[in-house]
Structures are given as C-alpha cells and as structure tokens.
Amino acid sequence: MISWRNVTKIYSDTSVALRDVSFDVAKGEFVSVVGKSGAGKTTLLKLLLAEERPTRGEVVFEELVVHTLRPSHLPQLRRSIGVIFQDYKLLNSKTAHENVAYVMEVMGFPEETIARDVAEVLGIVGLTERATHYPMQLSGGEQQRVAIARALIHRPSVIVADEPTGNLDPYHTRDIMRLLLRINELGTTVILATHNKEIVNRLGRRVITLSEGQLVRDEKEGKFIVL
Amino acid sequence: MTSFKRILKSGAEKFLRDRSSTGAALVVMTIALFVVSSLFILQGMSTFLVEELEEGVDVSAYFQDSATEEEIFQVREQLLGLGKVAEVEYVSKEEALRRFREAYEGNEAVLASLDAIGRNPLLAHLNLKARDPREYSSVVEFLGEEKFSSLIADVDFHDREPVIERLTLITKGIQTGVLAVIVALSVVAVLVAFNTIRLTIYGSKDEIEIMRLVGASSWFIRGPFLVQGVLVGMAASLLTLAFLFGLSFFIGDQLRSFTGFDVSSFLARHLFVLFLLQLACGIGLGILSSTIAIRKYLRT
C-alpha cells in the first residue's frame, strides 16, 4: 500500500535526514517508527505527504509516486491520509466542531452529512460536550482528540501520527493510544512516529527503528530498543 | 456552488472572528482611503478656486459717446464670432449710470459731484468673458484694431494683464502640484495598506499550512482571505465616507466662509463617484495584496 524505496533525503552537506531507506506498509497494519530526535522519523512522514521531495529514491502511495504528482493533485493525496501532529495543528479561529468539519467541507460533502458525521466522530473521541469550544479553551489532551477526530472524519485509508502524545501526560497518552488502536481495528492503516518507549513496548506491533537516517531494525512484533 | 458558498461563509467568519487582523487592516485601509478621498476633495476645491478666480477676470470695452447702439451690437456680434469669447454683456449709458448710483448709494460726496456735472458722463460698454484666460490678450488685440478706433474709447484690460498671466501660471501650477501630491500620497497610503495586509496574512501562515495538510485546494485556502479583504475594503469605504461627512459637518462652515467652497454639497454631489472610487480602491487593494501575500504560502 505504501512503499519507501531507497529513499535518501539530504538537506545540506551536514544534514542528511535519511539514507537509502526501504520498507513497505501493508493495508491495515499498525507500524511504529521509532528513533531518537533527528533520526529521520518526521522526514519519512513529510515525504509521504509530499511536503518534502526525496533527494534519491521514491515514496509510493497506492501505486502513485508521490513526488511526481502535480501541485494541483496534492490536495487529493492529502485527503487520502489523516494526519495527527505533536502540536495538534488546529485552526484557532474555528471551534472543535468546525475544525473537524473543515476536512469534509474541503472535500465537498453536503451539510447534513457533515453535521451527522462530525457529531458522531466527536462522540467517539469523547468531545460532544466541547464541540463549540475553540482550541484555546481546550486542554492539550482535548485538542489532540479534536485532531484525531479531524484525521478520522473522512475515513482515510491511512492515518499518520507524528509524536501524537509528545505534549501529553501519561493519562492522556493512554487515552490517545487506545483511540489509535481502535481506529486500526476498524481497518485503517496507522503509522506512528514516536520516541516513547513505553507505548511502543505495550503495543506489541511492528516496529521500524531508525538511527541517524538509516533503517536499522524492522520487526513484526518489535520492542523499542535504545541504540 | 457549495464550495463557493463555503468560501464566502468562511471569509465572513474570518472577517468577524479574526479581530486583530481585520482590525489592523481596517484601520490602515480606512486611513489610505481617507487620504485618497481627501485629495479627491482637494482637487475639487482647487478647481473651484481657480474657476472662481477666472470668473473674476474680464475685459471691458468702453464706447465713444458718438457710437450708436447698433454699432455696439455689431461689435458684439463680431466678438462672439471670434469663438474665443464665452459671454458679452452690453451695458448702456443709462444702465451704467444706474449701476454707478447703486454702487455709491449713501456716498453723498460722489453722487453730488455726479449731479454737478449735469449730464451722464459714463460710457456705454461691453463686458467680455473669455472662454480661456489665455485668450484675453488676443481679444484685446482684436478690439485694438484700426477699424474700431473711431468707436472704442478705451479697453479696460491692460491693468489686469499681469494678473491674468500669473493666474494662468498659477492655475497650471496648482493643478500639476495637486496631481503630483495626489499620486505621491496615494502611493504611500496604498503601500502601507498593502504591507499591513501582507503582515496579517504572514500571521496566518500556520493556518494556511494546516489547511494545505488536510487537503484543501489552493482556492479553498485563498478564497476566505480574498473575501475578508473585500469585506475590509467595503467596511473601510463606509467608515471613510462617515468620517468625511462628519468632518465636513464640523469644518464645512469655516471652510466655506474662508474659501467659498461648500464641501458638504461637493460631497453630496460626488457621493456616488467617491463611494465607487473608495470601493474600487479598497476592494482592489484587499484582493491584490491578499493574492500576492498568500501566493508564497501556497507553493507546495
């Protein structure tokens, strides 16, 4: 479903983010990408979203070579992938409900469908009561749940989460991980980039370990191993 | 159509909710439009003053006592035939006397000396107004021709000639100067407004990045900013008009007594043109600066 094929990304002579990385992610998998800060996890995800272009190699998403897509086709690609960020990236001038609805508006869904689905997804992430609050009025955990609701709302085939629990306490971290597992059980592929050892070890799913831009380990039921 | 409606709705929400950026853009845009509109009024005022000065200039040709009314009318016809004269007024000896008495009513000494003469010493004359102040000298030259020497006693113009020449120069100077100031100040005002809008969009660059990452098309991102720009332009136009009318209410009387220029009636007469000018400037500026500023963030 998604393949990184001999991907190298060089920002400058002194900054090589990825070196010849290759791996595939199958439909419905839950894959954790682990490594220290600067290991290349975020770059890997940015290449999938066509935010960056590989220096060498290619990233293929559902048979499309991502960096060859024309700019006008990028929105289509991004609508197929739900993204969750460490810093939530919510639109501050919109309420929780409007932030989630925005993705469906972008895709041209009718108002009734949007109203119904947003209410349902906010219910799934436990934010029905907070729907009319603006991001500034929500806690970190609540903001991240809005971001998850936004990533889920249009039923993308894959969800990419870049350090989604990085700014959260252990209680909210467990909450968010439970949500991601539930999403995966419903058939959505999940790619999680994290350096949180505890959550990776508890998951017992596939783990890809990066170190200084190189793929050093790829295990079916892996553990976070400090290198 | 749904997308268009959503863009409009989203732009209106931005305008109402994004108070800091809307406020900053509104203040600067209003100042810019106020400057442009004030200069429009200044241009109107200078044209009015120049016309007033030009109105005050005329040439009078005084006829000999021997000249008959018929001969005077013939001269008038010839003058009108030149195509340089806007109007010619005939003042008979009797009318001249009546006007003299009226002008010096109450001045016993002057009227007594007039009576002492025992006859009407005033001459019949033609008062002329040229179409253009530059035409006066050629009209005067025409009246000085040999064929009129037996009819015309005097042409009252030479004393005013330097005034007319200077006036012509001043008229040109004022109009060129005002135009230069209008252009210079408008450019400054427009640049300030343009940069403010660019800065407010720079403040929204995170928002634009988020929109891109969740798959919004360029138009879906750009649209609400353009709508916000248009609404700011419209609101700024209304605010500027309100300010101008407020100001004319407070200083209109003083301005009129000082220059004779009635700013309130000028505003009322040109309301439509002024509002259109403001709308065009405001909306144009809003759309142009938003488009240029946002382009940078929509590249990928």
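A polar contact is a pair of N or O atoms within 3.5 Å; within protein, one atom must be able to donate a hydrogen and the other to accept it, and residues adjacent in sequence count only if both atoms are side-chain atoms. The exercises below concern a predicted model, in which local features need pLDDT of at least 70 and side-chain atom pairs count only at pLDDT 80 or more, while totals for chains, interfaces and linings use all residues. Residues are numbered from 1 along each chain as its sequence is written, chains are lettered from A and ligands numbered from 1 in the order in which they are written, and side-chain values use heavy atoms, with hydrogens and water left out.

**Exercise 1. Describe the interface of chain A and chain B.**

Step 1. Contact means heavy atoms within 4.5 Å. Chain A brings 27 residues to the contact and chain B brings 16 residues.

Step 2. Buried area is the accessible area (1.4 Å probe) that two parts lose on being put together, summed over both. Between chain A and chain B about 2,000 Å² is buried, with carbon and sulfur atoms giving 54% of that area. On the side of chain A, the residues losing the most area to chain B are A:Arg78, A:Ser93 and A:Tyr102, together 27% of what that side buries.

Step 3. The rule for polar contacts finds 7 residue pairs across this interface, both residues at pLDDT 80 or more. Helices (H or I, at least four residues) and strands (E, at least two) are DSSP runs, numbered from the N terminus. In chain A, α2 (74-79), β6 (81-85), α3 (96-106) and α4 (111-124) each supply at least two residues of the side that touches chain B. The largest share of that side, 6 residues, comes from α3(A).

**Exercise 2. Find the salt bridges between chain A and chain B, and explain what one of them joins.**

Step 1. A salt bridge is a side-chain nitrogen of Lys or Arg within 4 Å of a carboxyl oxygen of Asp or Glu. There are 3 salt bridges between chain A and chain B.

Step 2. One of them pairs A:Glu111 with B:Arg6, whose closest N and O atoms are 3.1 Å apart. A:Lys94 and B:Glu13 also form a salt bridge, at 4.0 Å between the closest N and O atoms.

Step 3. A:Lys94 is in the loop between β6 and α3 of chain A and B:Glu13 is in helix α1 (residues 2-17) of chain B, so the pair joins two chains.

**Exercise 3. Trace the open sheet of 4 strands in chain B.**

Step 1. The order is β2-β3-β1-β4 (chain B), with antiparallel pairing. At the edges are β2 (85-91) and β4 (152-156) of chain B, each pairing on one side only.

Step 2. Strand β1 (residues 59-63) of chain B pairs with β4(B) over 4 bridges in the antiparallel sense. B:Ser60 has B:Asp156 as its bridge partner in β4(B).

Definitions and conventions: Two strands pair if DSSP finds at least two bridges between them.
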